[in-house]
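Thanks for coming, everyone. I'll walk through one model today. Please look at the screen.

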Amino acid sequence: MMNSLIKFHLVGCFALVSFNGFAETEIPSTQPGDRAYSPYIEQDYPNQIFFGDTHLHTSYSADAGMVGNTLGPDAAYRFAKGEVVISSTGVEARLARPLDFLVVADHAENIGLSPLLTAKDQTLLSTTFGQQLNEAMEAGDPASAWSIWSSAKATGKDPLADYPEIYMNAWSSITEAAERHNEPGLFTALIGFEWTSNPGRNNLHRNVIFSGGKKGADRIVPFSNFDSFDPEDLWDWMKRAEEITEQRILAIPHNGNLSNGLMFDEVRLSGAPFDTDYFRRRSHWEPLYEVTQMKGDGETHPLLSPNDEFADFETWDK
């Protein structure tokens with residue numbers, strides 16, 4: 001369906017990338033002078049730079065949808081390609097410069113929930129969870145609806161676990177939009193989702209991106225924090241998902257500045273010590289790290305690096 005990713009030169013809300021295939025399993029040297037930019041051509045600079053977004057939420061994300069985002073995956077891809085769309089506020093909107101690629105990375109947790117609320121889906125409204133959300137939305141209190149969803153997410157127990165068809169239908173709609181808008185050589189619509197792990201309300205989120213198209217991706221449903229809070233379980237799932245979907249998958253750790261240190265802790269999430277296998281697996285599944293985005297810089301903090309004059313750049317730690 002599409003070209004896949006080889007290198008992210010800047011990772012954040014927007015990224016610059018070269019498309020040619022996921023990073024090799026062997027970790028290349030990072031020392032200056034040890035390698036040229038490309039092993040295939042005699043030059044030491046990128047000759048294909050692309051701009052895009054690796055982390056975009058639509059109305060299919062419960063938080064975005066319940067606080068007013070009415071636009072779904074189809075509108076997101078059209079907007080990224082430079083088309084005029086009617087925004088959630090009812091006015092026309094268009095990018096001054098279209099993107100080269102987009103990942104619709106909606107939250108895996110209760111994916112597709114908000115459109116079902118809007119449609120008054122009877123399956124959803126038959127549940128206590130759905131009724132609570134509906135009451136809050138009808139009362140014009142989206143903040144309370146978000147709080148109900150966020151609290152349920154933090155428990156790690158899916159209130160809609162008995163209705164897997166909800167997630168299958170939502171995921172199929174997302175992959176269908178990507179398939180429809182992907183135009184090789186012009187625009188790359190990448191399939192993905194956000195795994196929103198938050199143990200103790202600490203942010204261990206990852207944006208999970210697939211290298212291929214709808215046919216393979218539809219053989220799975222996104223892995224959520226209802227399945228596990230532990231990144232090692234996500235990696236296990238990614239390994240199985242690669243075999244099932246027959247395509248490569250990578251995860252980009254997201255917004256680690258709100259993890260209270262857990263994103264780069266001194267032990268595993270379980271409390272067990274690190275070993276060589278852990279580092280090998282993490283470098284394989286997470287070859288990239290998000291440096292900065294609208295929720296702040298994720299590299300360091302003045303309390304950790306008091307002598308670093310750049311440690312307070314775009315800090316958000318509230």
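Start at Arg-78. Its relative accessibility is 24%, so Arg-78 counts as partly exposed. For burial, the cut-offs are these: buried is under 20% relative accessible area, exposed is over 50%, and partly exposed is in between, with a 1.4 Å probe and protein chains only. Asp-74 also counts as partly exposed, because its relative accessibility is 28%.

Asp-74 and Arg-78 form a salt bridge, with the closest N and O atoms 3.2 Å apart. By salt bridge I mean a side-chain nitrogen of Lys or Arg within 4 Å of a carboxyl oxygen of Asp or Glu. Both residues sit in helix H2 (residues 73-80), four residues apart, about one turn of the helix. The helices here (H or I, at least four residues) and strands (E, at least two) are DSSP runs, numbered from the N terminus. The pair also belongs to a network of salt bridges that links Asp-74, Arg-78, Glu-83, Glu-176 and Arg-180.

A word on the source: this is a predicted model, where local features need pLDDT of at least 70, side-chain atom pairs count only at pLDDT 80 or more, and totals for chains, interfaces and linings use all residues. Residues are numbered from 1 along each chain as its sequence is written, and side-chain values use heavy atoms, with hydrogens and water left out.

How many salt bridges does the structure hold? It holds 16. Take Glu-232 and Arg-268, whose side chains meet in one at 3.4 Å, N to O. This pair links distant parts of the chain: Glu-232 is in helix H9, Arg-268 is in the loop between S9 and helix H10 (276-285), and they are 36 residues apart. Glu-232 is buried, with a relative accessible area of 12%. Arg-268 counts as buried too, at 15% relative accessibility. Another salt bridge joins Arg-282 to Glu-286, with the closest N and O atoms 3.2 Å apart. Arg-282 is buried at 14%, and Glu-286 is buried at 7%.

Stay with helix H9, residues 231-245, for Leu-234. Is Leu-234 buried or exposed? At 0% relative accessibility, Leu-234 counts as buried. Not counting residues up to four places away in sequence, Leu-234 touches Trp-195, Arg-206, Val-208, Phe-223 and Ala-251. Contact means heavy atoms within 4.5 Å. The C-alpha atoms of Leu-234 and Val-208 are separated by 9.6 Å, and the two residues are 26 apart along the chain.

That takes us to strand S8. Five of the five residues of S8 (residues 206-210) are buried, so the strand is largely enclosed by the rest of the structure. Arg-206, Val-208 and Phe-210 point one way; Asn-207 and Ile-209 point the other way. In general, side chains in a regular strand alternate between the two faces of the sheet.

Now the neighbours of S8. Strands pair if DSSP finds at least two bridges between them. Strand S7 (residues 188-195) runs antiparallel to S8, joined by four bridges. Gly-192 stands opposite Ile-209 there. S8 also pairs with strand S9 (residues 249-253), antiparallel, over five bridges. Asn-207 stands opposite Ile-252 in S9.

Next, the core. A nonpolar core is a set of buried Ala, Val, Leu, Ile, Met, Phe, Trp, Tyr and Cys residues joined through side-chain atoms within 4.5 Å. The largest one has 47 residues, and Trp-171, Phe-193, Phe-210 and Trp-237 have the most contacts inside it. Helix H7 (residues 164-181) gives the largest share, seven residues. Apart from this core lies another, of eight residues, including Phe-101, Leu-190, Leu-250 and Ile-252.

Last stop, helix H5, residues 128-138. Its buried residues are Phe-129, Gly-130, Leu-133, Asn-134 and Ala-136. They lie on the same side of H5, because they cover an arc of only 165 degrees around the axis, taken from the directions from the helix axis to the C-beta atoms. Thr-128, Glu-135 and Glu-138 are exposed on the other side. The cover over the buried residues includes helices H1 (62-66), H3 (113-118), H4 (122-125) and H6 (142-155). Just after H5, Gly-140 takes a positive phi of about 70 degrees.

To finish, the overall count: the protein has ten helices and eleven strands. Of its 318 residues, 47% are buried.
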